[in-house]
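Hi,

Here is the structure I said I would pass on. Have a look at it, and then read my notes below.

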Amino acid sequence: MILLDGLDKHDEPTSSKLIAQSASVPVTRVHTPTPSLPDYEASQAQLKPTIHSFPEIQKKRARRRRCRKCALFSLVVYFILTIAVGVPLIVVKLKRKAYAKERNPYSTWSGGEAIPPPSITLGDAPLRLSSAKSCNAWSSTDSPDGPLLRSELEYYVPMNGSIFLNTNITYSGNDTYLNHFSGQLLVGVNDDPSACDAAVHVTMHHTTPELRHATNVCLMQTGSGGGIYLFTPLNLTRNDSLSFNITLLLPQNGTSTRVIPEFVCHLPHFKQTYQQLDPLVTFGSVLLGGAMSEVSIQSIQASQAVVKASLAEIQGRFAVDSSLSLETVSAPINADIHLYNHGASDTPTFLYLTTGNSALNANVTMYVGDGDDDNDDEAYGPNFFAHAETFNGPLSLSLVHDEASAPAIVRMRALNNLGDTRVTVDPRYQGTFDVSTMFAQADVRTQHSGDSEEYYSNSGDDDGSDGFPEGFTADDSDYDEDGDADDFGDLARMKKVRMHLPSPSTSIRTADDSASSGAVNASRCLEYDLISSSEIRGWVGVPPRPTAVSGVAAYEAYGSMGHLDIMSSLSGAQLVLLT
């Protein structure tokens with residue numbers, strides 16, 4: 001039983017007291033700080049504007065109207081400025097583009113005119129030792145020769161097809177391995193007219209007899225021909241050394257020229273020397289070179305030739321009628337090149353010269369035959385494509401015609417960076433030119449009898465001459481001495497500069513001359529299309545200048561002209577026109 005403290009059973013119950021107190025004192029609700037929410041009608045009444053809230057609402061509305069007016073005014077001003085400034089700029093650009101196209105409507109160098117790559121590369125498809133016809137037929141072995149030993153052998157390669165000299169020596173970035181090998185190659189024509197086979201004499205210098213046993217010099221015979229293959233060991237010690245002296249003598253063919261279908265020589269780290277092989281021996285295809293292999297050619301003739309010699313010089317005289325490719329890097333190219341083309345109906349002849357970090361010097365003589373007269377009217381396009389490129393070294397290229405050649409159509413591109421570029425063409429060249437540089441000087445000059453005369457050399461000074469040479473303006477009557485008023489009017493309207501060059505000492509034939517008319521003495525003209533501080537563009541030839549219109553006429557006009565594209569960066573570019 002639970003008893004409550006302070007209560008006694010005799011006390012009166014408290015319920016009656018509470019009832020009495022509540023009856024006598026009124027009940028009031030305690031005030032809370034949070035007011036009660038109004039009902040819906042009251043809230044709607046509070047949202048209605050009153051006399052006191054009207055000015056504030058008017059100010060808000062006024063600010064909004066001003067913001068909208070300012071935004072609309074800004075858009076109108078922006079639109080007006082866009083029309084007033086942007087439209088004239090667009091019109092001027094379009095006019096300049098149309099004017100430039102009208103002045104030089106011929107494509108300078110399209111992507112489809114690239115030099116075709118060689119069909120095969122050096123070092124392809126190494127042969128197996130098991131397929132050798134004969135190996136190590138030494139006539140003498142281990143003969144002392146100073147600090148090394150000497151071994152000799154001689155093979156005779158049947159001339160029933162192609163001939164090759166190849167090896168398994170490779171340059172894979174490990175020059176230490178390649179330094180174990182060295183060699184010299186001499187290729188010439190056998191003086192014995194009765195010889196029928198190619199004679200190959202090999203002299204090998206080696207450090208030990210064991211190294212000779214590990215090296216195999218083999219006579220190979222394949223379905224397309226035969227040759228010599230050098231199989232060298234791969235696991236050489238620091239003291240091992242191999243040196244080869246190879247002499248290849250090609251046989252004559254009596255009173256006629258011997259034509260070898262293909263000649264391949266891939267000998268890295270060799271010094272390759274080729275004596276005068278033509279006209280006794282000519283080739284269909286020639287591939288020469290190798291890594292760090294210097295190539296020196298006295299004279300060679302082939303339908304197509306490829307020489308690759310990285311980190312080594314290429315020099316010599318080349319005569320080709322299909323394509324010639326000379327490629328190296330960090331070494332010079334010095335070449336005397338003769339290009340042949342059978343005429344308008346023949347495919348173009350290609351020339352590709354590239355090096356880097358060194359000089360490139362080439363003298364190119366072009367010969368174009370008369371071709372098939374029946375197809376002359378149906379064939380258009382260039383006879384020669386030429387590409388020359390280097391960097392950090394001078395580039396000098398000369399293009400001249402053979403005395404017996406018909407006029408040649410040549411498309412040439414010369415590229416250089418950090419080196420001066422100079423291209424020279426003879427008086428028989430006709431076509432457009434574009435000499436451009438970046439942060440350097442562009443020049444177009446003429447040269448006659450060893451003297452140099454500058455027709456235009458933009459020095460970059462603003463002398464107020466409107467970009468034209470001093471003494472020549474669009475109003476000079478000397479621009480057109482043939483009395484062609486329409487031509488003169490076009491020149492004056494487009495502000496072109498035309499100057500007559502001195503007539504060459506020999507007569508030249510224009511592209512439109514027929515066989516009956518023969519050679520004519522024509523006055524060549526030099527016409528500038530664009531003269532700026534870093535670019536000079538124009539045309540040189542015998543007037544009238546071919547104009548490109550539409551359709552077949554445009555194709556004929558463009559195909560009947562040559563083009564010279566000379567580009568350089570951070571160094572000068574110069575075009576020399578011989579007169």
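Leu 526 stands opposite Val 540 in strand 27; strands here are DSSP runs (E, at least two residues; helices are H or I, at least four), numbered from the N terminus. Strand 26 (residues 525-531) runs antiparallel to strand 27, with 6 bridges joining them, and the two form a hairpin with 3 residues between them. Pairing takes at least two DSSP bridges between two strands.

Before I go on: this is a predicted model, where local features need pLDDT of at least 70 and side-chain atom pairs count only at pLDDT 80 or more, while totals for chains, interfaces and linings use all residues. Residues are numbered from 1 along each chain as its sequence is written, and side-chain values use heavy atoms, leaving out hydrogens and water.

Strand 27 has another antiparallel partner, strand 22 (residues 431-438), again through 6 bridges. There, Val 435 stands opposite Ile 536. In strand 27 (residues 535-541), 6 of the 7 residues are buried, so the rest of the structure largely encloses it. Buried means under 20% relative accessible area, exposed over 50%, and partly exposed in between (1.4 Å probe, protein chains only).

Val 435 also turns up among the contacts (heavy atoms within 4.5 Å) of Leu 575, which include Phe 433 and Leu 564 too. Along with Phe 283 and Met 412, Leu 575 touches the most other members of the largest nonpolar core, which has 95 residues. Such a core is a set of buried Ala, Val, Leu, Ile, Met, Phe, Trp, Tyr and Cys residues joined through side-chain atoms within 4.5 Å.

Cheers

Notes:
Lists of a residue's contacts leave out its neighbours within four places in sequence.
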